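The entries follow the order in which I looked them up.

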Amino acid sequence: MTAPAASSTARHTRRRVPPSARGHTVAAIVLLTPALLGFLVFWISPAIRGFGYSVTDYNLLNQGRYVGAENFRNVIGDEQVWESMRITVVFAAGSVIITLGLAMLLAALMQRLRARTWVRAGLLLPWLVPNVAIALIWAWLLDANVGYLKGVLDRIGTALQLDLLINFTFFNSDAALNIIILIGVWSGVGYTALLLFAGMMQVPVEYYEAGAIDGATETTMFFRITLPLIRPVIALVVVVSLIGSFQVFDLVQVGYGNKPIPEVRVIYYHIYQQAFDFLKMGHASAIALLLAIVLAVLTLLQLRLLRANRSDLA
């Protein structure tokens, strides 16, 4: 009889929460409440309404009627949706791969520099500029008639000027998507580099000292020490960059003055066009819901493949 009583007493003791912990819980709830309310109002509620629209023929002019899965069948059979998705996938792949490579190089260089504060501030500046401003700036720089690039090329020569202007303008169908990718890389590589740099700073210095004693080169230590230890940070960067790349819209919308050429009509612009130009809110909501599912699947795959929940530091 004594042993069960002691066991029950031990369980009761373990469940007892000290007053300080209860105070921390109350403080956490108070501090998190504004963010949770904002999340519910600006994220959860629109998502629920979007799902409701996706099963109706709502078009901003009437309440709409229930159509079930008709919108989803139309989306799957819509060639423009798949073409927009293909363009977005190309943009996302190019943007993520180039950004990650350059950011990794910049982060490794910052790890070796002494004047890191000024370098970090300079890298972060493009990311702080609003995307609308970035689109306007680059649209002016690459304008074939009055752009800054044209003024520079005017001093180079007619033949070279003509060739460069043909290849470096927003409205060149062969180069437009590549230009959009490079602009996206320019605006986001600094922020990505800072995230990777923060991860590198968590690696104990003793590991590098031990590697240097064993005769390992900088390259060897980067691939054998740095990369394995910052795997969770890399996973975070890849996931965030991929989701952000799929959400590209303002660069295309503003840069082309609401008239982008077919080669850069990404999926977000297609959703916007279906909802507000053609007033097919139900159709647009169905596309957005399917896109959210695709992103969720890609995110889970990336986290699984990169083993984001495990770090060699543990």
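**Terms and model.** I take helices (H or I, at least four residues) and strands (E, at least two) as DSSP runs, numbered from the N terminus. I am working from a predicted model, in which local features need pLDDT of at least 70, side-chain atom pairs count only at pLDDT 80 or more, and totals for chains, interfaces and linings use all residues. Residues are numbered from 1 along each chain as its sequence is written, and side-chain values use heavy atoms, with hydrogens and water left out.

**Fold.** I looked up the secondary structure and found 15 helices and zero strands. Of the 314 residues in the chain, 35% are buried (under 20% relative accessible area, 1.4 Å probe, protein chains only). Taking contacts (heavy atoms within 4.5 Å) between residues at least 6 apart in sequence, I note that 69% join residues at least 24 apart.

**Annotated spans.** I consulted the unreviewed UniProt entry, which lists "transmembrane region" for residues 21–44, 87–109, 121–141, 175–198, 229–249 and 286–306; such annotations may be inferred rather than shown by experiment. For residues 87–109, I find 100% helix and 0% strand, with the end C-alpha atoms 33 Å apart. For residues 121–141, the figures are 90% helix and 0% strand, and the end C-alpha atoms lie 24 Å apart.

**Largest pocket.** I use "pocket" for an open set of points on a 1 Å grid over the protein atoms alone, where a 1.4 Å probe fits, with protein on both sides within 12 Å along at least five of seven lines; lining residues have an atom within 4 Å of a point. The largest pocket holds about 950 Å³, a volume being the space filled by probe spheres set on the points. It has 27 lining residues, and P46, A47, Y268, A288 and A292 are the closest to its centre. Two or more lining residues come from each of α2 (19–54), α14 (267–277) and α15 (281–305). By class, I record 22 nonpolar, four polar and one charged residues in this lining (Ala, Val, Leu, Ile, Met, Phe, Trp, Tyr, Cys and Pro are nonpolar; Asp, Glu, Lys and Arg charged; the others, Gly among them, polar).

**Second largest pocket.** Here I find about 670 Å³ of space. Among its 27 lining residues, G184, S187, G188, G244 and S245 lie nearest the centre. At least two lining residues come from each of α4 (79–112), α5 (116–128), α6 (131–141), α9 (176–200), α12 (231–246) and α13 (250–255). The most come from α9, with seven residues. I count 15 nonpolar, eleven polar and one charged residues in the lining of the second largest pocket.

Terms used. Buried means under 20% relative accessible area, exposed over 50%, partly exposed in between (1.4 Å probe, protein chains only).
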